[in-house]
There are 2 protein chains.
Amino acid sequence: LDGSLLMKRILACIAAAAVLSGPAFGKDKPSPGPKTPTEILAASPAEDWRPLDLSRTLIMTLPQNRQVVIELAPAFAPKATDNVLALVRQGYFDGLAILRVQDNYVTQWGDPNAGEPTARLIAPAARTLPPEWTRPLKGLPFTELKDGDVYAKKVGWVDGMPVASDGKQEAWLAHCYGMVGVGRDVADDSGPGSELYAVIGHSPRHLDRNIALIGRVVKGIEHLASLPRGTGPLGFYEKPEQMTPIVSVRIAGQLKGGGPAGVIEMLRTDSPTFARLVESRRNRDDGWTKVKAGKIEVCNGLLPIRPKL
Amino acid sequence: LDGSLLMKRILACIAAAAVLSGPAFGKDKPSPGPKTPTEILAASPAEDWRPLDLSRTLIMTLPQNRQVVIELAPAFAPKATDNVLALVRQGYFDGLAILRVQDNYVTQWGDPNAGEPTARLIAPAARTLPPEWTRPLKGLPFTELKDGDVYAKKVGWVDGMPVASDGKQEAWLAHCYGMVGVGRDVADDSGPGSELYAVIGHSPRHLDRNIALIGRVVKGIEHLASLPRGTGPLGFYEKPEQMTPIVSVRIAGQLKGGGPAGVIEMLRTDSPTFARLVESRRNRDDGWTKVKAGKIEVCNGLLPIRPKL
């Protein structure tokens, strides 16, 4: 938003926010400690970070070595995540394609020949799955965000994933930017995980509780979000040559050192650092922000990764 | 989300929603009238649509004739929209470039040489502008959305634009997907409209009341949202050759027949059809949706256009 060549100046201002924020905002005394996300993350202790769980992390590779790292959340959709892992183990997605990119909505991938005699075999993985659109709230280590939500009674995070809940019995993964789900047809059980989608627009929260979310793109969502939009209905590509091929999808644990997932770690959403980060986005103390929002939507929360130290 | 080749089946189901919705959801009697967006728009009277205001609509053309149609909203930032129109009249943006694409945030364009001796002249347009980040609520024909909002007391629409308000004195354009604003530096008055941005991710509502929004991409946002992401800090491109050049920016009224803006019309957000459309997205009666959201966020509202009849 800032002038392009004025950027350095702005970055300097942001870095100086701890100094600026006292007098600039008329406080009696500058509050101590880190204020901007950069400062907060720099000051974070090692125990506030965790490695990715390589046994449930997928690496999708597109041409030109564009890699998308997806951590699955079996606590929410255990059968779907198991089936997707089974499909990945049998090499199901290798050579398939991005089928659909609908602007401000989703990027979807799977078999261009699904439903045709030439379709790739899904078996021995399951071909139908019972709906796993919600799960019991009980037993979830829920880090609640008290800022409210238009769609659900409660929102927050569970182990790095945005989560919503009725506040009593049920919880579900929330359709925030970067979330990954299992496409389905009209029938509840029609999504076996052979066709997956990632959210690439304003969070379509009306999909919550209607479809199984199975995880989140931890790194590389831009490779899915910047693809050419499909020109057919619902953003499907109209011609096979418009589709971006999928080179491979692998489980990170099968790759040497976990591949690109093995060299990063993510901030724990139940950590003090994460709580500070949320507050830093709710009330920005960066010199640029004149009117602090005072609130933050769950889908506007930052979920940082960093190279493993 | 649906199986790619199962799409036709789904579309058929959606078309049959009026039939399905009675028995399928256990109602005593199917409610009459159009239910899906397609049906609602097909049944809309002509007076629920309006042409674009060509005197305040911009046509940005990128290479390969990718055109972006932006309607400005002078009721919210009159000085900024006037200055942007003045810049466009003097050909300011022609030959400049997309400078920044930050994933899940903004696409920003302007002068790659801003701040350098080789920068393009902004004068005779104004070089600074007073902040126009809010305006009086009074006098605005506000179509309120009663579903609540995390960031503001009130939200709704004014003449095709998403709007938020404190419910008492002030109103402001809301940073929804596709909104266009005026980049600024740290100083309040540092954004003359020579650098503009469009929202291409989950709505960054914390920017509300901190920067002047001047309008909305009515058509062609995908040309800004699907660009390669910049790899520098904040998504700025690091090399000039990575930047997409801007062929031209014109006022639609200067083009024959208004160019691409002259052949479309938009649904009036104060129309009965729009109210029906909002309800159709709040409680989807399409056969596919099993649990209706019951709510909708202002930034999830559809703002349809169609070819002029």
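# A first look at a two-chain model

Let's start with one residue: Arg229(A) sits in the loop between α5 (221-225) and β14 of chain A. What you have here is a predicted model, with chains A and B in contact through 69 residues of each.

**Arg229(A) and its surroundings**

- Arg229(A) has a relative accessibility of 12%, and residues under 20% count as buried, so this arginine is a buried one.
- Its side chain has a polar contact of 2.7 Å with the side chain of Asp103(A).
- The Arg229(A) side chain also reaches a backbone atom, the oxygen of Leu227(A), at 2.8 Å.
- Setting aside neighbours within four places in sequence, Arg229(A) is in contact with Val101(A), Asp103(A), Ile200(A) and Tyr237(A) from chain A, along with Tyr177(B), Glu222(B), Ala225(B) and Ser226(B) from chain B.

**Where the two chains meet**

- Asp188(A) forms a salt bridge with Lys290(B), and the closest N and O atoms of the pair are 3.6 Å apart.
- Polar contacts turn up here as well: 25 residue pairs across the interface of chain B and chain A, both residues at pLDDT 80 or more.
- On the side of chain B that touches chain A, the elements giving two or more residues are α1 (7-15), β4 (97-102), β5 (106-110) and α5 (221-225) of chain B.
- Helix α1(B) provides the largest share of that side, with five residues.

**Chain A in outline**

- Chain A has six helices and 16 strands.
- Of its 309 residues, 57% count as buried.
- Take the contacts in chain A with a separation of 6 or more: 70% of them are between residues 24 or more positions apart.

- Helix α4 of chain A covers residues 78-89, twelve residues in all, and spans 16 Å from its first C-alpha to its last, close to the 16 Å expected at 1.5 Å a residue.
- Which residues of α4(A) are buried? They are Ala80(A), Thr81(A), Asn83(A), Val84(A), Leu85(A), Leu87(A) and Val88(A).
- The buried residues of α4(A) pack against β2 (57-62), β3 (66-72), β11 (179-182), β12 (196-199), β13 (212-219) and β14 (248-251) of chain A.
- After α4(A) comes Gly91(A), which has a positive phi, near 75°.

**Ile214(A), a residue in β13**

- Ile214(A) is in strand β13 of chain A, and β13 is one of the strands that the buried residues of α4(A) pack against.
- Is Ile214(A) buried or exposed? Its relative accessibility is 0%, so Ile214(A) counts as buried.
- Not counting residues up to four places away in sequence, Ile214(A) touches a list of residues including Ala80(A), Thr81(A) and Val84(A), which are among the buried residues of α4(A).
- Other residues that Ile214(A) touches include Glu71(A), Leu72(A), Leu173(A), Val180(A), Val182(A) and Leu196(A).
- Ile214(A) and Trp133(A) are 81 residues apart in sequence, while their C-alpha atoms are 9.6 Å apart in space.

**The disulfides**

- There are two disulfides over all chains.
- In chain A, Cys176(A) and Cys299(A) form a disulfide, with 2.0 Å between their sulfur atoms.
- This pair links distant parts of the chain, 123 residues apart: Cys176(A) is in the loop between β10 (170-173) and β11, and Cys299(A) is in the loop between α6 (272-282) and β16 (305-307) of chain A.
- The torsion about the S-S bond of Cys176(A) and Cys299(A) is about -75°, so their disulfide is left-handed.
- Both Cys176(A) and Cys299(A) are buried.
- In chain B, Cys176(B) and Cys299(B) form a disulfide, with their sulfur atoms 2.0 Å apart.
- The S-S torsion of Cys176(B) and Cys299(B) is about -75°, so this disulfide is left-handed.
- Cys176(B) is buried at a relative accessible area of 4%, and Cys299(B) is buried at 9%.

Definitions and conventions
Residues are numbered from 1 along each chain as its sequence is written. Chains are lettered from A and ligands numbered from 1 in the order in which they are written. Side-chain values use heavy atoms; hydrogens and water are left out. Helices (H or I, at least four residues) and strands (E, at least two) are DSSP runs, numbered from the N terminus. The expected span of a helix is 1.5 Å times one less than its number of residues. Buried means under 20% relative accessible area, exposed over 50%, partly exposed in between (1.4 Å probe, protein chains only). Contact means heavy atoms within 4.5 Å. A disulfide is a pair of cysteine sulfur atoms within 2.5 Å. A salt bridge is a side-chain nitrogen of Lys or Arg within 4 Å of a carboxyl oxygen of Asp or Glu. A polar contact is a pair of N or O atoms within 3.5 Å; within protein, one must be able to donate a hydrogen and the other to accept it, and residues adjacent in sequence count only if both atoms are side-chain atoms.
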